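Open the model in your viewer and keep the selection panel at hand. The tour has two stops.

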Amino acid sequence: MITIALPKGRIAKETLDIFEKIFDKKFAFEDRKLILKEDDFTFLLVRNQDVPTYVLHQAADIGVVGLDVLSEKEFDLVDLLDLKIGRCKVCIGMKNEDEFNFDKPSIKVATKMENIARKYFSSKAIAAKIIKLYGSIELAPLVDMCDVIVDIVETGETMKQNGLKVVETIMDSSAHLIANKNSFISKKVEILNLYEKISKAISDL
Ligand code: PRP
């Protein structure tokens, strides 16, 4: 039995589609249920940012999560495979009329990705004051709570419709298959078997 943590939403659906393709049967959560048992798999439906936590604590053997979340958490996990779904970028954004000024002694940054933001600005030797938010990050510069934001850009529509522009891309992200280090040893055969099947299924897409 392998337990798999999936992030609620589109990535969970797309991952289950891959399983349907591999095993030629239906994999779908019932209504509001958070656990799905099918064949030798138990799927858990969790919040995107919580996937690495479930895998770290071995509540799940493996999981699917964005590289952005993985980089932010910096947990000691096995990064198995880029599933090439859920592509997005982590970008710096600011108001259309503003200019990115590297010479400012200190810059105020609103973000839900504190570690990625802190690392990026320290690598540029810019003193950044990080303001942690949990969502609707694009609002912060509009009410002058910050100079810039560090946030996910997928289509770019949210920034565009709120009069913001991308000034720099910090990283590209997509959903990765991750594993708990102990599970990767104790269930190596099962996990590698599944890894092979998923690799083949996504290369055929
Ligand atoms: C993300 C991100 C942006 C939006 C970008 O938020 O924080 O707000 O998506 O998408 P776009 O470029 O296609 O417009 P998400 O929907 O994950 O919600 P959250 O802010 O609650 O995390």
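**Stop one: an asparagine side chain**

Select N180 and N182: the side chain of N180 reaches the backbone nitrogen of N182 at 2.8 Å. That is a polar contact, a pair of N or O atoms within 3.5 Å; within protein, one must be able to donate a hydrogen and the other to accept it, and residues adjacent in sequence count only if both atoms are side-chain atoms. N180 is found in the loop between β11 (175-179) and α7 (181-186). Why does N180 count as buried? Its relative accessibility is 5%, and buried means under 20% relative accessible area (1.4 Å probe, protein chains only).

A note on the model: it is predicted, local features need pLDDT of at least 70, side-chain atom pairs count only at pLDDT 80 or more, and totals for chains, interfaces and linings use all residues. Residues are numbered from 1 along each chain as its sequence is written, and side-chain values use heavy atoms, with hydrogens and water left out.

**Stop two: the ligand**

- T158, at 2.4 Å
- E138, at 2.7 Å
- D151, at 2.9 Å

Taken alone, the ligand exposes 500 Å², and the protein buries 65% of that (Shrake-Rupley method, 1.4 Å probe).

Methods
Helix = DSSP H or I, 4+ residues; strand = E, 2+ residues; numbered from the N terminus. Buried < 20%, exposed > 50% of the residue type's maximum accessible area, 1.4 Å probe, protein only.
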